[in-house]
Amino acid sequence: TPLGWPRIAPGLYYRDAAAAIDWLCRAFGFSVRLRVEGEGGVIEHSELEYGEGLIMVGQEESESTTPRFPRRRISPLSSPGNTQDLTIYVDDVDAHCARARAAGATIVAEPEVHDYGEDYWADRSYGALDLDGHLWWFSQRVRSPA
């Protein structure tokens, strides 16, 4: 693994990546590690951190711009459905939900405990949609396996 990188770093695409970066920082608590703007302020590459986690946010493409990537990259707004869910563990899920709600996140599942039994774990979690409809789950571990 490269120094300073997690083992997995998903890339998410937005119709307005610059606005999405600002919103993700305000609503969900990400911080910008790197933001590369191209012509006209279009986001060429970005890296946002949350604790030791990392996501990359990019601009939606109406068509593929390179033979290296033959499929275009799109926002859920341009798709008939969600293509992935992202889960992040936070320290205080209720405070995090309140922050996201205040910033305009659509809360699709209110915070509640999901208990998988004594042999497993229990998490308090909520679900939210961001500006473009990416589905996020934020969880707080409330009990570890016995």
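1. Leu131 touches Ala19, Ala20, Trp23 and Leu77, leaving aside residues up to four places away in sequence. The model in which these contacts occur is predicted. Leu131 itself sits in the loop between β7 and β8. From the C-alpha atom of Leu131 to that of Thr1, 130 residues apart along the chain, the separation is 31 Å.

2. The side chain of Ser75 makes a polar contact, at 2.7 Å, with the side chain of Asp132. Asp132 is also among the residues that Ser75 touches, together with Tyr13, Tyr14, Arg15 and Glu60, when residues up to four places away in sequence are not counted.

3. As to the overall architecture, the protein chain comprises two helices and eight strands. Read from the N terminus, these elements follow the order β-α-β-β-β-β-α-β-β-β. Along the principal axes, the C-alpha atoms fill a box of roughly 50 × 35 × 25 Å. The chain has 146 residues, and 34% of them count as buried. Among contacts between residues at least 6 apart in sequence, 53% join residues at least 24 apart.

4. Which residues of helix α2 are buried? In this helix, spanning residues 93-102, they are Val93, His96, Cys97 and Ala100. They lie on the same side of α2, because they cover an arc of only 100 degrees around the axis. What covers these buried residues includes α1 (17-28) and the strands β3 (43-50), β6 (106-115), β7 (122-129) and β8 (135-143).

5. The two ends of α2 may be inspected next. At its start, a side-chain oxygen of Asp92 comes to within 3.2 Å of the backbone nitrogen of Asp94. Just after α2, Gly104 adopts a positive phi of about 100 degrees.

6. The largest pocket has a volume of about 350 Å³. Its lining consists of 18 residues, and those nearest the centre of the pocket are Tyr50, Gly53, Leu54, Thr87 and Ile88. The elements that give two or more residues to this lining are β4 (53-59) and β5 (85-89). The largest share, five residues, comes from β5. By residue class, the lining of the largest pocket divides into twelve nonpolar, three polar and three charged residues.

7. The second largest pocket holds about 260 Å³ of space. It is lined by 15 residues, with Ile43, Glu44, Gly58, Gln59 and Arg73 nearest its centre. Two or more lining residues are given by each of β1 (11-14), β3 and β4. The lining of the second largest pocket divides into six nonpolar, five polar and four charged residues.

Methods
Residues are numbered from 1 along each chain as its sequence is written. This is a predicted model: local features need pLDDT of at least 70, side-chain atom pairs count only at pLDDT 80 or more; totals for chains, interfaces and linings use all residues. Side-chain values use heavy atoms; hydrogens and water are left out. Buried means under 20% relative accessible area, exposed over 50%, partly exposed in between (1.4 Å probe, protein chains only). Helices (H or I, at least four residues) and strands (E, at least two) are DSSP runs, numbered from the N terminus. The arc is that of the directions from the helix axis to the C-beta atoms. Contact means heavy atoms within 4.5 Å. A polar contact is a pair of N or O atoms within 3.5 Å; within protein, one must be able to donate a hydrogen and the other to accept it, and residues adjacent in sequence count only if both atoms are side-chain atoms. On a 1 Å grid over the protein atoms alone, a cavity is a set of points where a 1.4 Å probe fits but cannot get out, and a pocket is an open set with protein on both sides within 12 Å along at least five of seven lines; lining residues have an atom within 4 Å of a point. Grid points are joined across faces, edges and corners, and a volume is the space filled by probe spheres set on the points. Ala, Val, Leu, Ile, Met, Phe, Trp, Tyr, Cys and Pro count as nonpolar, Asp, Glu, Lys and Arg as charged, and the others, Gly among them, as polar.
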